[in-house]
Amino acid sequence: MDLSLWLDSFLAILTPEVLMFNIAGVFFGILIGALPGLSATMAIAILTPITFWFEPSCGFAMLIGVWNSAIFAGGISAVLINTPGTPASIASTFDGYQMYKQGRGGLALGINVLYSAFGGIVSTIFLIFLAFPIASFTVSFGPTEYFMLAFFGLIMMISVSDNNVVKGMAVGFAGLTLSTVGIDPILAIKRFTMDSTDLAAGVGFLPVMIGMFGIGEVLNQIYEYKKSRAGESLQLIKDASNKLGRIIPTWKEFRQFIKPTSITAAESTVIGAIPAAGGDIASIICWGQAKRMSAKPDEYGKGSAEGFAVSCTANNGVLGGALTTMLTLGIPGDAVTAILIGSLMMYGMQPGPKMFTEDAGFVIQIMQLMLLSYVFIVIMGLLSAKLSAKILNAKPQTVWTAVTILCVVGSYALNNSFSDVIIMSVAGIVGFIFKRGGFAPGPFILGLLLGGMLESNLRRALVMSQGSLSIFFERPVTLVLFILIVLTLFFPLIKKQFKKKKV
């Protein structure tokens, strides 16, 4: 490691211009990430053409700032209105909103800032020291590995079923069924589209997510408001939420969180390095794993500060892994890094192994900008934490109207398609029915998210093996993933047996 090159690169990013662009990117990312539907991908796509007119270090300082802060800021709306600002914040709704209703909103917002930064910093350290080994490992993944990874994610339906496994599995399989709408991944023919061109690409994951978590929650609150005496019960929640309390976790809580969040930071980095496996998948997998390993699993999904810290760590923990794959191999780890590859090519650079020799200084600047962004995220995030919750000072009707407008605008802005608004609206009604019937929406979203990945890779693997299932046990990585799945499923039983022996 050339220390002089690292020092020169560090001094280069400490110029007023680069710092200004990075701060502006962090600020803009927080605004975009906190709005449901307006994702980091959208923000990067909008800003990339503009950064062409800047110096590469300034332009990338802004893009890196937007990327990191938008992912973290998705947890703000997840806490305040139970609607993920970005897909990576889905798991944050499981505990964050419950903490908020219990009057621990300040702590939830503080945890979101600190542990999103923690996950991002750890994953960036992995990027710095283990870029080539991780990328070399994940590039060898084939259909069998991707199938096992998707299956690994799907077994988390059990963890996000709100202690009702039967209902959770039923909803999850409904999501899996919906994922089959669109073009057949092998035969390339339309299926279940009802001759609609809008459904040819499948049912959009983001409109469904916005509808279920956004509109579904609004409809449920309206129902509760009318059901109560002039909204008395909802007002009690509002009053409790306005008493946000402290923001910084206690030293005891820090010690409690250190083990699960450290494991999560490492896991999410590896998941992020796998192309197409983003923060949404990582946060759900890591949350489910942490729940199984926790000493208090029953608290998960009911306002567990530990569970929320885990999901926040996973949000940004994938970014270092995704950037590893992008820089070393030129393979996008997620949608944002796909756009960032275009940005680098726009600057005359080609992501891949040669970039580490031909443009080593700029690669190091990117790594350092990742760390610098988290410094500004912690400062701006903590200073604005309580300010973010001022939305609850408005009347419930005002909040409902604002959330509905944001959901409509956000779902339309995804593809400039009115059909996405219709999908979002239908999903909102379904989400409301789920809430009233005691069905957790998490498994449905999980099934829809992973269904395509599961089916396409299963069928590709079977084509390769001419229908033999033995292919799933022949490759070492696939076998390791299978063993992890079995251990995850049976860990509670093993843990119970150990407890009996101790007694």
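W287 is located in helix α12 (residues 279-293), where helices (H or I, at least four residues) and strands (E, at least two) are DSSP runs numbered from the N terminus. W287 counts as buried at 2% relative accessibility; buried means under 20% relative accessible area, exposed over 50%, and partly exposed in between (1.4 Å probe, protein chains only). The model is predicted, so local features need pLDDT of at least 70 and side-chain atom pairs count only at pLDDT 80 or more, while totals for chains, interfaces and linings use all residues. Residues are numbered from 1 along each chain as its sequence is written, and side-chain values use heavy atoms, with hydrogens and water left out.

The protein chain contains 21 helices and 2 strands. Of its 503 residues, 56% count as buried. The chain exposes about 21,200 Å², of which carbon and sulfur atoms supply 70%; accessible areas come from the Shrake-Rupley method with a 1.4 Å probe, and for residues only the protein chains shown count as cover. Among contacts in the chain with a separation of 6 or more, 79% join residues 24 or more positions apart, a contact being defined by heavy atoms within 4.5 Å.

The mean pLDDT (the predictor's confidence in each residue, from 0 to 100) of the protein chain is 77, and 80% of the residues reach 70 or more. Among the elements of the chain, the lowest mean pLDDT, 47, belongs to helix α10 (residues 232-242), and the highest, 88, to α19. The pLDDT is below 50 over residues 229-234, a stretch that has 8 contacts in the model beyond near neighbours in sequence.

Helix α19 (residues 418-437) has 20 residues and should span 28 Å at 1.5 Å a residue; its end C-alpha atoms are 29 Å apart, which agrees. The expected span is 1.5 Å times one less than the number of residues in the helix. The buried residues of α19 are S419, D420, V421, I423, M424, A427, G428, G431, F432 and F434. G438 follows α19 and has a positive phi, near 80°.

With neighbours within four places in sequence left aside, V208 is in contact with V203, I423, A427, F444, I445 and L448.

V403 is placed in helix α18 (residues 396-415) and counts as buried at 5% relative accessibility. Residues up to four places away in sequence not being counted, V403 touches I81, G214 and V218. V403 and E217 are 186 residues apart in sequence, and their C-alpha atoms are 9.7 Å apart in space.

Helix α5 (residues 92-101) is largely enclosed by the rest of the structure, because 8 of its 10 residues are buried. These buried residues are S92, T93, F94, D95, G96, Y97, M99 and Y100. G103 follows α5 with a positive phi, near 85°. In α1, the buried residues are W6, S9 and I13. They cover an arc of only 65° around the axis, which puts them on the same side of α1; the arc is that of the directions from the helix axis to the C-beta atoms. The exposed residues L3 and D8 are carried by the face of α1 turned away from its buried side.

T15 occupies the loop between α1 (3-13) and α2 (16-34) and is partly exposed, with a relative accessible area of 27%. A distance of 9.6 Å separates the C-alpha atoms of T15 and C58, which are 43 residues apart along the chain.

Most residues other than glycine have a negative phi. F192, in the loop between β2 (190-191) and α9 (205-227), has a positive phi near 55° and is exposed, with a relative accessible area of 58%. Q466 is not a glycine and has a positive phi of about 60°. Q466 lies in the loop between α20 (442-464) and α21 (476-502) and is exposed at a relative accessible area of 77%.
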